[in-house]
Amino acid sequence: MAKQVVIIGGGVAGTIIANGLCRQIKSELASGAVTITMIGDTDKHMYQPGLLYVPFGKMRESELYRDQRKVLDKKVAFFVDAAKNIDVEAKRVTTASGKTYTYDYLVIATGSRIRPDTIPGMSEGAHWFYDLEGARKLRDALNDFQGGKVVINVNAPHKCPVAPVEITLMLREFFVAKGVMDKTEITYTYPIGRLHGLEPVANWAVPEFQKHGIKSETFFNTKAVDPQAKTITSEEGVTLPYDLLITIPPHSGSQVIIDSKLGAGGWVPTNKQTLLREGSDNVFIVGDTTNIPISKAGSTAHFEADTVVDNLSSLLKEQRWSRNYDGKVYCFIETGLTTGTYIMFNYTTPPNPGPPSAMVHWLKLGYNRMYWLSARGLL
Amino acid sequence: MSEKTIVDARGAFCPGPLMELIATLKNIAIGDEVDVWSTDKGSVTDIPEWCKKVKHECVGVVEQQGYWSVLVRKAK
């Protein structure tokens with residue numbers, strides 16, 4: 001009887017695991033000893049970090065997408081049929097079409113989603129760039145913008161923790177180039193008492209913001225947006241007026257996680273080293289889906305996925321554990337439209353962002369193209 | 001009977017203990033508690049300061065072996 005590996009979710013983590021496994025267990029797949037099945041909810045694969053560039057007209061929508069079937073190794077059985085229930089006791093996944101998939105090993109990579117609907121007035125009054133529709137609307141708003149008060153509002157939890165700093169610095173350069181910065185005031189809000197969750201990034205951002213006259217309001221957790229009055233108010237009691245509100249909305253995990261009672265908010269309790277679901281020895285959790293107190297980011301998903309590939313292939317081939325995840329994360333940070341820096345850290349080593357340079361910016365632009373090699377398990 | 005959720009943010013550089021607390025409070029009922037474990041001494045002041053601002057109750061801060069336990073009760 002073949003060992004069945006089922007992967008739920010065709011984002012960065014699920015795809016790297018599927019393709020990486022195909023490279024590691026070629027003979028087992030060829031002999032029929034192992035099968036790999038992916039269940040996704042779309043036939044397209046999106047390069048989500050590219051959304052940051054769409055509002056500035058620096059990346060075209062078509063560049064964000066590939067057909068998921070073409071990104072996946074042919075040996076992966078791929079079905080567009082959203083998972084509706086995951087029963088980890090019965091080792092069974094039920095989908096929207098009513099099909100049932102049983103498994104020996106399950107990988108849950110269902111990701112996160114933006115929830116502007118959880119804050120009164122946010123959907124109506126705010127712009128964002130964390131999905132394509134939002135990025136399109138923000139692109140139009142930036143084209144129309146002729147100066148005024150811009151509020152960049154960050155909510156918790158959210159994925160891609162450096163994106164708020166990036167969009168702030170990129171916007172400033174965009175407004176300078178457009179000739180409206182002298183009529184514009186940018187205010188950045190953040191939920192805790194500094195500019196970023198990572199203290200070294202927060203410390204680095206302070207002089208960057210000061211240099212460019214960007215204001216900030218810390219300890220700002222959004223209570224409500226009033227689209228008519230054009231104001232945003234925090235739980236802490238501060239109200240800011242805006243002409244253009246750009247929010248990083250709060251996120252939640254996938255509905256199937258909540259409906260299957262696998263974790264509050266859609267975040268699955270996960271061992272931060274093994275990436276196994278707490279209480280399971282055959283269910284791996286990767287990417288944004290975990291409740292691990294670590295950045296929800298494509299980079300995190302990528303390095304977690306590499307660990308899962310090593311462990312799943314060792315378990316399937318040799319019935320042994322391979323290695324633990326060390327918390328590795330590497331993120332590029334755009335510091336404007338022509339410069340960038342990066343951070344790298346793990347569970348024991350804090351990040352230390354260096355001075356911005358044009359070279360790192362070009363490296364990031366290069367990675368925007370090379371991502372498809374990562375998704376294929378080659379980079 | 002209130003429930004207690006443990007947030008083990010020891011060694012967490014990003015997004016950090018207070019961000020984890022804010023995220024967790026969104027998923028629990030009023031009266032339930034969150035016990036944040038942090039190796040960042042800043043949490044000892046950051047978390048009570050934020051609780052005071054937004055009117056959640058910081059029940060207590062206890063130094064454990066190598067980390068701090070900060071207990072917060074959701075008040076609204």
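**Close-up 1. Helices H1(A) and H9(A) pack with their axes 8 Å apart.** The model is predicted. Helix H1 of chain A spans residues 12-24, and helix H9 of chain A spans residues 298-318. Their packing angle is about 30 degrees. Angles under 35 degrees count as roughly parallel, and H1(A) and H9(A) are therefore roughly parallel to each other. Their crossing is right-handed.

**Close-up 2. Residues of H1(A) meet residues of H9(A).** H1(A) contributes A:Val12, A:Ala13, A:Ile16, A:Ile17, A:Gly20, A:Leu21 and A:Gln24. Facing them in contact are A:Gly298, A:Ala301, A:His302, A:Glu304, A:Ala305, A:Asp306, A:Val308, A:Val309, A:Leu312 and A:Ser313 of H9(A). Sorted by class, this contact of H1(A) with H9(A) holds ten nonpolar, five polar and two charged residues.

**Close-up 3. Chain A touches chain B.** Chain A gives 22 residues to the contact. Chain B gives 19 residues. On the chain A side, 14 residues are nonpolar, six are polar and two are charged.

Close-up 4. Read from the N terminus, the elements of chain B follow the order β-α-β-α-β-β. The radius of gyration of chain B is 11 Å, close to the 11 Å that the globule rule gives for 76 residues, so chain B is as compact as a globular protein of that length. Along the principal axes, the C-alpha atoms of chain B fill a box of roughly 30 × 25 × 20 Å. Of the 76 residues in chain B, 42% are buried. Take the contacts in chain B between residues at least 6 apart in sequence: 56% of them join residues at least 24 apart.

**Close-up 5. Helices H1(B) and H2(B) cross at roughly 35 degrees.** Helix H1 of chain B covers residues 17-25, and helix H2 of chain B covers residues 43-54. Their axes come within 10 Å. The crossing of H1(B) and H2(B) is right-handed. From H1(B), the contact takes B:Pro17, B:Leu18 and B:Leu21. From H2(B), it takes B:Ser43, B:Asp46, B:Ile47 and B:Trp50. By class, the contact of H1(B) with H2(B) has five nonpolar residues, one polar and one charged.

Technical notes:
Residues are numbered from 1 along each chain as its sequence is written. Chains are lettered from A and ligands numbered from 1 in the order in which they are written. This is a predicted model: local features need pLDDT of at least 70, side-chain atom pairs count only at pLDDT 80 or more; totals for chains, interfaces and linings use all residues. Two residues are in contact if their C-beta atoms, placed from the backbone, lie within 7 Å. Ala, Val, Leu, Ile, Met, Phe, Trp, Tyr, Cys and Pro count as nonpolar, Asp, Glu, Lys and Arg as charged, and the others, Gly among them, as polar. Helices (H or I, at least four residues) and strands (E, at least two) are DSSP runs, numbered from the N terminus. The radius of gyration is taken over C-alpha atoms; the globule rule is 2.2 Å times the number of residues to the power 0.38. A residue is buried if 20 or more other C-beta atoms lie within 10 Å of its own, exposed if 12 or fewer, and partly exposed in between; C-beta atoms are placed from the backbone. Axes are lines fitted to C-alpha atoms, for helices over the stretch in contact, and angles run from 0 to 180 degrees between N-to-C directions. A crossing is left-handed if the near helix is turned anticlockwise from the far one by less than a right angle, and right-handed if clockwise. Angles under 35 degrees count as roughly parallel, over 145 as roughly antiparallel, 65 to 115 as roughly perpendicular and the rest as oblique.
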